[in-house]
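Let's take a walk through this structure, one piece at a time. Keep the 3D view open and find each residue as we get to it.

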Amino acid sequence: MDRRISLKNAALINFCGKYAKIILTVVINAFLARLLSPSDYGIISMITTVAAFVLPFVSINTDSAIVRKYYDKNENISEYIGTCVILVLISCISFTAISIISAKSVSDYVKIPPFVLYFIPLYSVFTFFKTIVLYSWQV
C-alpha cells in the first residue's frame, strides 16, 4: 500500500512540475512580448532556437547515458560521470572554437549579435549540469 501512495505522490509532483513549467513559459513569453519590441523579441527567440539546436551536440546526450548507467549496479558511477563531464567540456571547447571562427557568418544568417554565439556552448554545459543534478535528485 505504501508503494501506491508514493507512486501517486510522485505522479502528482511530476504532473504539477510539468504543467507549472508550461504555465510559467506562457506567462514569461506574454510578459516579454509586452515588454520588448518585436525585433528584440525576435532576437530572444532566435537565441533560444540556436541554443536548443546546439545543446544536443554539446551534451552529446551523456545526461541520459548517466541515468541509464546508474541503474547498472555493477558499474562505478562516479568514474562514468567524470568521463561524461570531460567529454562534455571537450565538446564545449570545440563548439566554442567553431563559434568563434564562424561567428560572423552565423550571425548574419540568424540575425543575432556575434558575441552571443560565444556563450551558447557555455549555456549548454550549464544545462547539462542542471540536468545531471535534477536526475540525481530524482533517483
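Predicted model: local features only at pLDDT ≥ 70, side-chain atom pairs only at ≥ 80, totals over all residues.

## Starting at Ala65

Ala65 is partly exposed, with a relative accessible area of 24%. Here "buried" means under 20% relative accessible area, "exposed" means over 50%, and "partly exposed" is in between, using a 1.4 Å probe and protein chains only. You'll find Ala65 in helix α3.

Residues are numbered from 1 along each chain as its sequence is written, and side-chain values use heavy atoms, with hydrogens and water left out. Helices are DSSP runs (H or I, at least four residues), numbered from the N terminus.

Helix α2 covers residues 38-59, which makes 22 residues. From first C-alpha to last it reaches 31 Å, close to the expected 32 Å. That expected span is 1.5 Å times one less than the number of residues in the helix.

α2 still has a kink: about 25° at Phe53, shortly before the proline Pro56. A bend like this is the angle between two axes, one fitted to the seven residues ending at that spot and one to the seven starting there. Which residues of α2 are buried? They are Val50, Ala51, Val54, Val58 and Ser59.

Most residues other than glycine have a negative phi. Ile60 isn't a glycine, yet its phi is positive, at about 50°. Asn61 sits in the loop between α2 and α3 too, and it has a positive phi of about 55° although it is not a glycine. Ile60 is partly exposed at 45% relative accessible area, and Asn61 is partly exposed at 49%.

Now look at α4 (77-110). How many residues does α4 have, and how far apart are its end C-alpha atoms? It has 34 residues, but the ends are only 40 Å apart, short of the 50 Å that a straight helix would reach at 1.5 Å a residue. Find Ser102 and you'll see a bend of about 70° in α4.

The buried residues in α4 are Cys84, Val88, Ser91, Cys92, Ser99, Ala103, Ser107 and Val110. After α4 comes Lys111, with a positive phi near 60°.

## One salt bridge

A salt bridge here is a side-chain nitrogen of Lys or Arg within 4 Å of a carboxyl oxygen of Asp or Glu. By this rule there is one: the side chains of Lys104 and Asp108 meet at 3.6 Å, N to O.

Why are these two separated by about one helical turn? Because Lys104 and Asp108 are four residues apart in helix α4. In an α-helix there are 3.6 residues a turn, so residues three or four places apart point the same way. Lys104 is exposed, at 58% relative accessible area, whereas Asp108 is partly exposed, at 40%.

## Aromatic rings

There are four aromatic pairs in the structure. Rings of Phe, Tyr and Trp (its six-membered ring) pair if their centres lie within 6.5 Å; planes under 30 degrees apart count as stacked, over 60 as edge-to-face and the rest as tilted. One of the pairs is Phe15 with Tyr19, which is tilted, at 4.6 Å centre to centre and 50° between the planes.

Both Phe15 and Tyr19 lie in helix α1 (residues 2-35), four residues apart, about one turn of the helix. Tyr19 is partly exposed, with 46% relative accessible area. Elsewhere, Phe53, Phe57 and Phe95 form one aromatic cluster.

## A nonpolar patch on the surface

Last stop: Leu89, Ile100, Phe115, Tyr118, Phe119, Leu122, Phe126 and Phe129 form a nonpolar patch on the surface, with about 790 Å² of accessible area together. The elements giving two or more residues to it are α4 (77-110) and α5 (114-138), and α5 gives the most, with six.

Patch members have over 30% relative accessible area and no salt bridge; like charges are joined within 9 Å and nonpolar side chains (Val, Leu, Ile, Met, Phe, Trp, Tyr) within 5 Å. The areas come from the Shrake-Rupley method with a 1.4 Å probe, and for residues only the protein chains shown count as cover. Phe129 is in helix α5 and counts as partly exposed, at 32% relative accessibility.
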